[in-house]
Amino acid sequence: MDRIMKWRPEHHSRLIKCLRYFILFFLLIIVGGVIFHLIEYDQNEKLIKQNKDDLEALKKYLNDNETLINYLKEKAHLLSDGTYENNWHVLSSTFFAFTIATTVGYGSFSPSTLAGQAFVLLYATVAIPLAGICFVNLSNMVLEILTLSL
């Protein structure tokens, strides 16, 4: 029992510091996601509308021949279902911001506008170091808690 350390006031201040960093990190992720959404969503909606219009024109041109249209759907990117999905909803934009901040970078989608691409650079410059600070503080706190019980 002598080996177990008691919780000290400095542990409390470290916990508060760690929580502050994570709140800041969480807010940065949310704000980044909202900004990516605001920058990219409308442009992607226009692209989806254009692709749908092109598909309708193609169907009309092919006299709505379903056999031929189904074959083209299997082979042509324009006709694939993914062409008609907008990845820039707030939640998916927030996920994108998280992958940037944590350098995971799944690459499932990326900004297509110049403003979005520029914001990625600015955002990564702030978010990556902040994520590192948060994870270092969390790691130190977990190690300290684990050593308290040894």
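Is Thr103 buried or exposed? Thr103 is exposed, because its relative accessible area is 54% and the cut-off for exposed is over 50%. This residue belongs to a predicted model, and the rest of the chain can be read in the same way, one element or residue at a time.

Start with the overall plan. The protein chain contains four helices and zero strands, so its elements, taken from the N terminus on, read α-α-α-α. Of its 150 residues, 31% count as buried. The accessible surface is about 10300 Å², and carbon and sulfur atoms account for 65% of that area.

Next comes the confidence of the prediction. The average pLDDT of the protein chain is 83, and 86% of the residues score at least 70. Confidence is highest in α3, with a mean of 92, and lowest in α2, with a mean of 80. Where pLDDT is low, the predicted coordinates should not be read in detail.

The largest nonpolar core is made of 18 residues. Phe25, Phe36, Phe96, Ile100, Ala101 and Tyr123 have the most contacts inside this core. Three helices each supply at least two of the core residues: α1, which covers 9-61, α3, which covers 90-101, and α4, which covers 114-148. The greatest share comes from α4, with eight residues. Ile100 can be followed as an example. Once its neighbours within four places in sequence are set aside, Ile100 is in contact with Val120, Tyr123, Ala124 and Ile128.

Helix α1 also holds Leu24. Leu24 counts as partly exposed because its relative accessible area is 44%, which lies between the cut-offs of 20% and 50%. In sequence, Leu24 and Cys134 are 110 residues apart, yet their C-alpha atoms are 9.0 Å apart in space.

The loops come next. Asp64 is found in the loop between α1 and α2. Its phi is near 55°, a positive value in a residue other than glycine. At 49% relative accessibility, Asp64 is partly exposed, because exposed requires a value over 50%.

Asn86 sits in the loop between α2, which spans 66-75, and α3. Is Asn86 buried or exposed? Asn86 counts as buried because its relative accessibility is 7%, and buried means under 20%. Which residues does Asn86 touch, not counting those up to four places away in sequence? They are Tyr41, Asn44, Glu45 and Ile48. The side chain of Asn86 also reaches the backbone nitrogen of Trp88, at a distance of 3.0 Å.

Methods: Residues numbered from 1 in each chain as written. Heavy atoms only, no water. Buried < 20%, exposed > 50% of the residue type's maximum accessible area, 1.4 Å probe, protein only. Areas by Shrake-Rupley, 256 points an atom, 1.4 Å probe, with all protein chains shown as cover. Core = buried A, V, L, I, M, F, W, Y, C linked by side-chain atoms within 4.5 Å. Contact = heavy atoms within 4.5 Å. Polar contact = N/O pair within 3.5 Å; in protein donor to acceptor, adjacent residues only side chain to side chain. pLDDT = per-residue confidence, 0-100.
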